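I opened the notebook to look through one structure, a topic at a time. The sequence and the model come first.

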Amino acid sequence: MRNLLAIAMVLVGVLTLAQEITVTGTVQDNSDLPLAYTSITFDGLDNDIFEQIYTEGDGSFMVHIPAGKYDIIIQPTTGSITERIETFTKDTDLGIIRLSEAIQLASTVAVAERPLYRLELDKRVYDMDRDPTIKGANLSDALNNVPSVTVDGDGTVTLRGSESITVLIDGKPSAMTGISNIADALKNIQADAVQRVEVITNPSARYDAAGTGGIINIIMKKGTNQGFNASFNTNVGIPFQTGVNANLNYKTDKWNFFISPYVRYGRSEGSSSFKNRFYSQFQPDTIETQDGDRIRKRFNYGTGIGFERFIDDRNTLTASVNLRRSTGENENTLNYNDYAGNTLFGKSSRQEIEDETDESIEANVGYRLEFDDKGHELRIETSASFAKEDEFSDIIERTYMGNGENGHDKTSNYEEQTRYLLQADYVYPHGESARFELGYKGQFASNMNDFTVMQRENGEFIENPFFTDVIDYDQNVNALYTQYGNKMGKFSYLLGLRMENSDIRIQSANANDGLGSDDKKNYTNFFPSATLNYSFDEDDRNQLQVSYSKRIRRPWSRWLTPFRNFSDDRNTFMGNPDLDPVFTNAFEMAYITQIGKTSITPSVYYQKSTDNMNVFRRRAEFNGNQIFISQPVNAGDEVRYGAELVAATQFTSWWRAFGNVNFYGYDANGSYYDPISDTTYDLSGDGFSWFGRMSNTFSLPSKIDMQVSGFYYGGSKNAQSERDPMYGVDLALSKDILAGAGTLSFNVRDLFETRRRKVFNFGPGYESNMDMQWRGRQFTLNFAYRINQKKKRERGMNGGVDEAEGMEF
C-alpha cells in the first residue's frame, strides 16, 4: 500500500510538471510608468526549466512554462533587481509589479542572464567564468578576450594601446603577479580560477594613482552559495597540456569556508627570427640573421583557502591564504649567420637550458563593519606576502665559421620579494543619494635580486663581474584619499583627491665598476579626480559621463636597477636608476544608451604625459660583436588620444554578440643625449592605429552553445619601431550533460595560426626585422562538474556584495 501511494504521488507530480500554464503581468516603476525591455527570468527550483523574456513597450509580459516552483528575477535596464519565489499550478496573472527606483551614481546595463561582458560607468566587467574559449588556457591568453585589453606575442599587456597599467588581484597588489615580470606571472595563473576581470580606464581618487593607462582588476573565484557547493574542472590539450582545478565552499548563517586547489602542466613551442643590417660609411653593410626555437615546459600547483565569519548582521571577518608553486624548464636555441655584403663569414649557435622555480605565499585578513544606515560602513584589510624566483641557466655557444670562440656559461638569478599592505576605507551616506568617503592605504615592498654569470675558462668557471650584481629595491607608498558624490535630479557627480608619498631606495653592489651605488627617491604628489554624469531621461536609458583624473607611472623595479640581461648576448637590457616618474592628466567622455536589447557605449579619451619614459635602443660593440643595448630613459612629453565603441546585443533568442573597436594615436616630442656615443637622438614621433574584436555566441540544436571570437590589431609606429598588423580567431563548443550538473567544452585558440608578431626596428646605423610566434594553434577539451550548483545564470547585478566589490584599491 505504501509503495502504491508513493507511485501515485510521483505520477501526480509528473502530471503537474507536465501541465503547461501561462503567467502574465505588467512591470511599472514607482511613478506608474511602464518599464519596457525589462528582463524577467523564470528559474525552475524543482525542474530544469530556465526561461528568459523581455517586457513589451507597455511593460507587459507573458510566458508559457510548466507548472511548478520558480525563482523569478526581474532586472530593468538600470537600477536594482527584484527577486521573488512563486509556485504556479494554473494560469496566473501577477498583476502590476512595481519596482522602486534605485538611486545610484553608477548604473549597470545588463540582462537577466549575466552576459559575457557588461558595462558599468566606473568599470567594464568581463565574466571570464562564462567564456568557453578560455577553458584550459592561462590568464595571459584569456586577457586577449577582454575588451580594451590586448596581449602581444611575448605576453605584454596593454590597455587601449598603453603598457602603463596596474594589474591587481582581488583589488590589491598580489604576489601572484610576480616579482618583476607580470607577463610571465600571468602565464602561471589558470583562467579557470578567475571569476571576472574588471577594467577601469579612468579611475577615481579611491583607486591607486599608479598606472597612467588604467587598472585591470582580476577577481578570483570564491564560493558564496549556501550549504556545500563544489565545482571541478579538468582539461587536456594539444600541444600537450593538462590540468585540474576545484572550487569548494561550505556556507552557514555564521561561517563560509572555501578552498580552491589546482594543478597544471603545459608544454609549448615557439619560434623567432631576426634580420639585422648594420650600415657603415666606408665598409660593406654587415647583415646578421638569427633563427630561434623555444620549448617551454611548466608545472604549476597551489591553492587558496579561507573563511568568512559572519559575527552578526553588521560585522564580518574574512581571512585567506594563497599558496603557489611553479617549476619550469625552458630551452632556447639561436642560430646566427653573419654576412659582409653577400658573403657569409660567420656561423654560430647559442643554446640555453633554463630551470626555474617560483614560489609565493600570501595571507589576507579583512574586517567589515556595517552601521545602521544602508551603505554606511568601515572596511579594514591587511595582507602580507613573500615570493621567490630562482633561475639557473646553462648556456653553450658554438662557432662553426669565423673568428668566434666556443663558450660555456652558467647563470643564476635569485629574486625575493616581501610585501605588506594596510588599508582602511570609510563610507558615510547622507540624504537620499549623497555619500562621503575617506581612506588610507600603505604599501611596503622590498625586492632583492642576486644575479651571477660564470664563464668557463681553462676548464674552470670564473665569475664575470660585468653581468654580476646584487640589487636591493625598496618602495614604500603611503596614500590618503577623500571623495564626495551626490545626485541632483538627472545630474550626479563624484569629486575626489588623493595624496601619495613615494619613498624608493635602490642599492647596487657592483654598479660604477664595482664601487656600488645607493640611489634614493622621495616625492609627494596630489591626484585630483572628477566624474560628472547626466541622464537625459527618467529611466536612465541615455546617459553622458565626463571624467578626469591625474595619474602617475612609477618606473618598474627592473627599469631602475642598473642590471644587465644576459639571455641573449647580442640583445641586452640595462636599467636606469636616474629614471623619474611620469605624470599624466587623463580626460574621458562616454555616452551610455540602451536601445531595446542592445547596449551601446561610444567614448573618446585624451591623455597628456610629462617626462615620458621611452625604451631607447642603440647599437654598440661588445667582445668584437655588434649588439643592441636597450635602456629606459625620460624623454619629453607625449599626448595619447582615441575613440572607442563597445556594443552588446541579443539579436535573437539563439544569437548574442558583443564587439569592441578602439582607434588611438599618439604624438611624442623629446630627445635623449647618450653619453656613451656622445650623440643626441631625436625620440619624437607620432602614429595612429586601431584594434577591434567581436564575440558571437550561438545556441545550436541539441542544446549546444558555440562561441566564435576574433580580433584584429592594426599596425603601429613609434620613434624607433614599426609593428605589422595581427589578427586571430578562436572557436569553442560547449554542452551541458548529466542533467545540467556537468559541462563538456572544446575550444581552439588561434584557429588559423595567425598570431605572429612582426616588428621593424630602426635607428642610426642599423635596421632590424623581427618575426616571432610565441605558440601555435592549440586544442583543448574541458569537462566541468558541479555539486549542488546550477550552471551559472547570475543577474547583471547581484543582491549582495562580492568579496572584492567595493573594496578600496
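The entries below cover a sheet, salt bridges, a surface patch and aromatic rings.

**Entry 1: the model**

I note at the start that this is a predicted model.

**Entry 2**

In which sense do β1 and β7 pair? Strand β1, residues 20–29, pairs with β7 in the parallel sense, over six bridges. At one position I found V27 opposite I97 of β7. As background, I wrote down that strands in a sheet pair through backbone hydrogen bonds, either parallel or antiparallel.

**Entry 3: salt bridges**

How many salt bridges does the structure hold? The count is 29. Side chains of opposite charge can pair when their charged atoms come close.

E377 and R368 form a salt bridge, and their closest N and O atoms are 3.1 Å apart. Buried means under 20% relative accessible area. E377 has 13% relative accessibility, so E377 counts as buried. R368 has 17%, so R368 is buried too.

R498 forms a salt bridge with E500, with 2.8 Å between the closest N and O atoms. Are these two residues buried or exposed? Both R498 and E500 are buried.

D518 forms a salt bridge with R505, where the closest N and O atoms are 2.6 Å apart. This pair links distant parts of the chain: D518 is in strand β28 (residues 517–535) and R505 is in strand β27 (residues 491–508), 13 residues apart. D518 is partly exposed, with a relative accessible area of 39%. R505, at 30% relative accessibility, also counts as partly exposed.

I also checked for shared partners. Salt bridges that share partners join D208, K441, R498, E500 and R554 into one network.

**Entry 4: a nonpolar patch**

Which residues make the nonpolar surface patch? They are V236, I238, F240, L700, L733, L744, F746, F779 and L781, and the patch covers about 740 Å². The elements giving two or more residues to this patch are β16 (227–238), β44 (742–749) and β47 (778–787).

L733 sits in strand β43, residues 726–737. Its relative accessible area is 33%, and L733 is partly exposed. A patch residue needs over 30% relative accessible area, so the value for L733 passes that cut-off.

**Entry 5: aromatic rings**

I counted ring pairs next, and the count comes to 31 aromatic pairs. Y484 and Y493 form one that is tilted, with 6.2 Å from centre to centre and 45 degrees between the planes. Y484 is partly exposed at 28% relative accessibility, whereas Y493 is buried at 17%.

The ring centres of F711 and Y713 lie 4.5 Å apart, and their planes are at 40 degrees, so this pair is tilted. F711 and Y713 are both buried.

Which residues do ring pairs link into a cluster? I wrote down F651, W654, W655 and F698.

Note on methods. Residues are numbered from 1 along each chain as its sequence is written. This is a predicted model: local features need pLDDT of at least 70, side-chain atom pairs count only at pLDDT 80 or more; totals for chains, interfaces and linings use all residues. Side-chain values use heavy atoms; hydrogens and water are left out. Two strands pair if DSSP finds at least two bridges between them. Helices (H or I, at least four residues) and strands (E, at least two) are DSSP runs, numbered from the N terminus. A salt bridge is a side-chain nitrogen of Lys or Arg within 4 Å of a carboxyl oxygen of Asp or Glu. Buried means under 20% relative accessible area, exposed over 50%, partly exposed in between (1.4 Å probe, protein chains only). Patches are made of residues with over 30% relative accessible area and no salt bridge: like charges are joined within 9 Å, nonpolar side chains (Val, Leu, Ile, Met, Phe, Trp, Tyr) within 5 Å. Accessible areas come from the Shrake-Rupley method with a 1.4 Å probe; for residues, only the protein chains shown count as cover. Rings of Phe, Tyr and Trp (its six-membered ring) pair if their centres lie within 6.5 Å; planes under 30 degrees apart count as stacked, over 60 as edge-to-face and the rest as tilted.
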